[in-house]
Amino acid sequence: LHKTVYVLFLLFQILGAVILGFGIWILADKTSFIAVLQMSSPSLKTGAYILIGVGALTMLMGFLGCLGAVNEIRCLLGLYFTCLMIILLAQIAAALVIYFQKETLKVELSDIVVDLIENYDPSNEDKRNLQDAWDYVQTQIACCGWTGAKEWESNEILRNKSNTEYPCSCSNRSKDLVEGRGFCNLEDPVNGTATYADWPVHEQGCMDGVEEWLKDNLGIILGVCTGVAVIELLGMILSISLCKNIHSEDYTKVPKS
């Protein structure tokens, strides 16, 4: 039994570390679409901090549960069971919120990107990380704008230059991608003006590619969460069983009168 206890609670330490690491990755990532969301959406930052807290709590509970099982301390096993139940219910609640609010999140995501494009300014060092993250997305997915390159026409800097420049990260020419950020000059604009149709950029927007990226990563996240939930259920069952065994052993040790 003790071997089973050790293996199960070791798994909790590993899973806790995975959840903790995932939360830290969301906060630290500066080069993918997660960075765009993280720096633009307070809700994602809050979610990352919650993941860090849940991961740390899971690791702590794994240690306390192991301590309670080995030393047959019922109060620690009871605390372990209660915390596991709270974490499991919180995970279910979070999954339901994400599922029922997915359309709202999609609209919020669109608003974040459109605002970023309209206010994109290569000279703004305060938003350098956010803008670099979006440039990275456009380069990697080979796309331009959220629904299409036309959205870049609303950028104030490009509008003031009569669209004779275009975002380098949207370009379908390799020489523009060497810089990978900021704006590139359009060759031979007609009468000193141009439209997005004159730019040597990718025609498709990033929405479909980003949604596909999120779906792929969501599958991994859901798989990890499902695995965590199953092990949490096993931990709850084991802790209850150990509590009953400890109670039974204590009862049999009572001297008969």
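Colleague: Leaving aside its neighbours within four places in sequence, which residues is Val-228 in contact with?

Modeller: In this model, which is predicted, Val-228 is in contact with Leu-15, Ile-19 and Gln-91 once neighbours within four places in sequence are set aside. Val-228 has its place in helix α9, residues 207-252, and its C-alpha lies 8.9 Å from that of Gly-16, although Val-228 and Gly-16 are 212 residues apart in sequence.

Colleague: Why is Val-228 called buried?

Modeller: The relative accessible area of Val-228 is 3%, and buried means under 20%, so Val-228 is buried.

Colleague: What makes Leu-158 count as buried, and which residues is Leu-158 in contact with beyond its neighbours within four places in sequence?

Modeller: Leu-158, in helix α7, has a relative accessible area of 0%, so Leu-158 is buried by the criterion of under 20%. With neighbours within four places in sequence left aside, Leu-158 is in contact with Trp-152, Asn-163, Glu-165, Tyr-166, Pro-167, Phe-183 and Trp-199. As for Phe-183, the separation from Leu-158 is 25 residues in sequence and 8.5 Å in space, C-alpha to C-alpha.

Colleague: How many aromatic pairs does a search of the whole structure find, and why is the pair of Tyr-120 and Trp-152 assigned to its class?

Modeller: The search finds three aromatic pairs. The ring centres of Tyr-120 and Trp-152 are 5.2 Å apart, and rings pair if their centres lie within 6.5 Å; their planes stand at 75 degrees, and planes over 60 degrees apart count as edge-to-face, so this pair is edge-to-face. Tyr-120 lies in the loop between α5 and α6, and Trp-152 in the loop between α6 and α7 (156-160), so the pair ties together parts that are 32 residues apart in sequence. Both Tyr-120 and Trp-152 are buried, and together with Phe-183 they form one aromatic cluster.

Colleague: How do you know which way α5 and α6 are oriented to each other?

Modeller: The two helices pack at an angle of about 110 degrees, with their axes 11 Å apart. Angles of 65 to 115 degrees count as roughly perpendicular, and α5 and α6 are therefore roughly perpendicular to each other. Their contact is made by Val-113, Leu-116 and Ile-117 of α5 and by Leu-130, Gln-131 and Trp-134 of α6, and the residues of this contact divide into five nonpolar, one polar and no charged.

Colleague: Which members of the largest nonpolar core touch the most other members, and what elements each supply at least two residues of this core?

Modeller: Among the 25 residues of the largest nonpolar core, Trp-134, Trp-152, Trp-199 and Val-201 touch the most other members. At least two residues each come from α5 (102-118), α6 (128-141) and β2 (183-185), and α5 gives the largest share, four residues. Another core, of 15 residues, lies apart from this one and includes Ile-19, Leu-64, Leu-76 and Met-236.

Colleague: What does the secondary structure of the protein come to, and what share of its residues is buried?

Modeller: The protein has nine helices and two strands, which run α-α-α-α-α-α-α-β-α-β-α from the N terminus on, and buried residues make up 36% of its 257 residues. Of the contacts with a separation of 6 or more, 71% are between residues 24 or more positions apart.

Note on methods: Residues numbered from 1 in each chain as written. Predicted model: local features only at pLDDT ≥ 70, side-chain atom pairs only at ≥ 80, totals over all residues. Heavy atoms only, no water. Core = buried A, V, L, I, M, F, W, Y, C linked by side-chain atoms within 4.5 Å. Buried < 20%, exposed > 50% of the residue type's maximum accessible area, 1.4 Å probe, protein only. Phe/Tyr/Trp six-rings, centres within 6.5 Å; stacked < 30°, edge-to-face > 60°. Axes fitted to C-alpha atoms, helices over the stretch in contact; angles between N-to-C directions. Parallel < 35°, antiparallel > 145°, perpendicular 65-115°, else oblique. Contact = heavy atoms within 4.5 Å. Nonpolar A, V, L, I, M, F, W, Y, C, P; charged D, E, K, R; others polar.
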